[in-house]
Protein chains: 2
Amino acid sequence: MPINPVRFRQSMEEMARVGATKGGGVNRLTLTDADKEARDLFALWAGDADLDLRIDEMGNMFARRSGREDDAPPAMAGSHLDSVPNGGRFDGSLGVLAALEAVRTLNDESIVTRRPIEIVNWTNEEGPRFPPSMVGSGVFAGAIPLEAAYETRDSEGARFLDELERIGYRGDAPCTPRPIGSYLELHIEQGPVLVNEGVQVGIVEGIFGLTWLRVTMKGERDHAGPTPMHLRRDALVGAARTIAAIREIPEKLHPEFVATVGELSLSPGAINVIPDEVTFSVDFRHSEPELMNEARNLVEEAVHREAERENLEVEIQDVGSSTPTAFDAGVAQAVRSACEESGYSHRSMWSAAGHDARYAADLGPAAMIFVPCVAGKSHSEEEDMDWEDGCRGCDVLARALVKMADS
Amino acid sequence: MPINPVRFRQSMEEMARVGATKGGGVNRLTLTDADKEARDLFALWAGDADLDLRIDEMGNMFARRSGREDDAPPAMAGSHLDSVPNGGRFDGSLGVLAALEAVRTLNDESIVTRRPIEIVNWTNEEGPRFPPSMVGSGVFAGAIPLEAAYETRDSEGARFLDELERIGYRGDAPCTPRPIGSYLELHIEQGPVLVNEGVQVGIVEGIFGLTWLRVTMKGERDHAGPTPMHLRRDALVGAARTIAAIREIPEKLHPEFVATVGELSLSPGAINVIPDEVTFSVDFRHSEPELMNEARNLVEEAVHREAERENLEVEIQDVGSSTPTAFDAGVAQAVRSACEESGYSHRSMWSAAGHDARYAADLGPAAMIFVPCVAGKSHSEEEDMDWEDGCRGCDVLARALVKMADS
């Protein structure tokens, strides 16, 4: 079942024009007009492919192709059409449109699968407009209450539910858990591993757990001149030493462990004043729950050690977490078989970024497929992909989807 | 010549009502209505004390008391009446009103000194509204061009010259260098040394040199999840290690060396994104030019070492500097004699904060007098002073001023 690379690329390019930025990316924040336009285009194409479109209360879109045993839980594949501000053209769209191309190919060849197939476009995977991320799949999996999602407001006060209704995508179908026969999601890697190793396909066997902390260190505001070094309580010195210590934690734990300080703000922030308060974030991720616990202990140890050394008060706040999600070995094996049928090089890996597959995995066996992206970049207009890689991913998705739909 | 502590305190309290804040501080930014009101009050009191008031082109106010040899360069004493936003009641005012009290005391006792005495209120010592600081004395000393000072604009676009004219303090006297017989400035210490050591008076023998740098480190923006630690170019990790290293520099050089990182900003500043650019300030100060040079080398070494370690690009910008200013041993000795006459404990010290005395020292022999301030705090409403300490400072200033006026 050879996919049609020209048709696939044309669809990708047409979708990339929706909310296109001058810099070659897309601006398709959730529930904006651009999001609506992307949804409308997907709905049009789903109709062209004779798919039955259902939209649920969260705006998740399911385009269904009947199976021989139409009551069997569906083989599902998809991703999301929303983007971060000035994001890339491939993050999300690739997984939705590759699933569409897979179904178009089945139509071309008049293949009927045992299970029905559903292509899904999840609402608000990204989350920057209406945090948190992955809220469409989260409500679908029963992990996030529908009402909580509805009441979320963006930075200008607009309510999720009002915006969902405004763009006409508050559907009738209940957004509640239902069994999935299998779930597959093709995505660009968003990291440099495949591209650096020259491997064509990543077989994603799970999603890292994640812990987000916010650390506040408080010292004393003093004039930078007349305050001798030994009398200082410099919150930035404490924070800097802690950040340097956090950088050393991953290598104590595992080669794939990652830890990042991405946010930092300080007060008062004047060239000649000793900072009295610094707040910074900590993000750490891995596949092993025990190592995640150990990392948390090491971070807390570093914070308290450096606070004591500089005589600071500290507060550590939990601001988010998810447990590691191991995908299904059977679905991963279908992906591996598909790679081998087509002769693509492949490797097993875990995703360190969150994806809707994490929630879908609560409802049935799931796995993901990664393809390389240029320099490992995403979430920016720089994001790019070699079309050959994208087509290989689409081919693997189509083959694995058929295997799962026939299983 | 005993000063009148009640009169001195009344004047200080009346001045503290000008621009008073609810928190017990003052808001007297340069060339605002509150600054004008403080100036008017000083002018009124100068008239009451039979002083001859001259205002120069920069708005510097000189209240002159004739001497027996009226053409001799004056014995000058003073400070400033402007404040930082929500600053303290003593920073600046103390030095101006103590000099006024000294002259009132001379009047009480009908003492005529050899040299004339001039009490000075320097314009814009603080600088937050119209940077840089100490601009009135800087123009007076010939170190800053008058036109440059005039053209400075505040953050709302108001021009220094326009504001100076608006409040009616653009005077006729040229603001150009002229010889000073001596210069004395009483000030709260703005640091914790005297209060911690229980010493009553600081004899200030010089002002630390200062170097201000702005360091920018550039790495690569990447997703905090999928980017393995060994492939990162994390600008915040580089900056944090550098800041931690800068903290260790002073103790390698001298117990009184100080170094501070007070500003830091980063980009993009998201919890799940590796920062690609961090900019931070470095402020270091000491009395020894060789140690200042050595510190600069050590800072640059640390920046380049940590940049290389994290594979970052760096830029180091000079944003300000002043060389150490040693005061005059004779004037310092007059202060010491005054302390001993009155039986006050005293110690020699250098000022790590800038003062107008730095520029005045270019025109004649100068020194400063410090008195303790509570907890070493200044530049905030918390700033406080024990009145006993303030009166001791006023007494020492009066005695030393008469010595210098008769020298």
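This is a predicted model: local features need pLDDT of at least 70, side-chain atom pairs count only at pLDDT 80 or more; totals for chains, interfaces and linings use all residues.
Q: Let's start with one chain. How many helices and strands does chain A have?
A: Chain A has twelve helices and 16 strands.

Q: And what are the box dimensions for it?
A: Along the principal axes, the C-alpha atoms of chain A fill a box of roughly 80 × 45 × 40 Å.

Q: How does the radius of gyration of chain A sit against that of a compact globule?
A: The two agree: a compact globule of 407 residues would have a radius of gyration near 22 Å, and chain A has 23 Å.

Q: What area do they bury between them?
A: About 4500 Å², with 61% of it on carbon and sulfur atoms. On the chain A side, Met229(A), Arg247(A) and Ile271(A) supply 18% of the area buried against chain B, more than any other three residues.

Q: What about charges? How many salt bridges are there between the chains?
A: There are ten salt bridges between chain A and chain B. One of them joins Arg309(A) to Glu248(B), and in that pair the closest N and O atoms are 3.7 Å apart.

Q: And how many residue pairs are in polar contact?
A: Between chain A and chain B, 18 residue pairs are in polar contact, counting pairs with both residues at pLDDT 80 or more.

Q: New topic, symmetry. What rotation puts chain A on chain B?
A: A rotation of 180° with 0.0 Å of shift along its axis superposes chain A on chain B, with an RMSD of 0.1 Å. The two copies are therefore related as by a two-fold rotation axis.

Q: Which residue of chain A comes closest to the rotation axis?
A: Ala240(A), whose C-alpha is at 2.1 Å from the axis.

Q: Last one. Do the copies meet through the same surface or different ones?
A: The same surface, because 100% of the interface residues of chain A are also interface residues in chain B.

Conventions. Residues are numbered from 1 along each chain as its sequence is written. Chains are lettered from A and ligands numbered from 1 in the order in which they are written. Side-chain values use heavy atoms; hydrogens and water are left out. Buried area is the accessible area (1.4 Å probe) that two parts lose on being put together, summed over both. A salt bridge is a side-chain nitrogen of Lys or Arg within 4 Å of a carboxyl oxygen of Asp or Glu. A polar contact is a pair of N or O atoms within 3.5 Å; within protein, one must be able to donate a hydrogen and the other to accept it, and residues adjacent in sequence count only if both atoms are side-chain atoms. Copies are superposed by least squares on the C-alpha atoms of residues with pLDDT of at least 70 in both. Contact means heavy atoms within 4.5 Å. Helices (H or I, at least four residues) and strands (E, at least two) are DSSP runs, numbered from the N terminus. The radius of gyration is taken over C-alpha atoms; the globule rule is 2.2 Å times the number of residues to the power 0.38.
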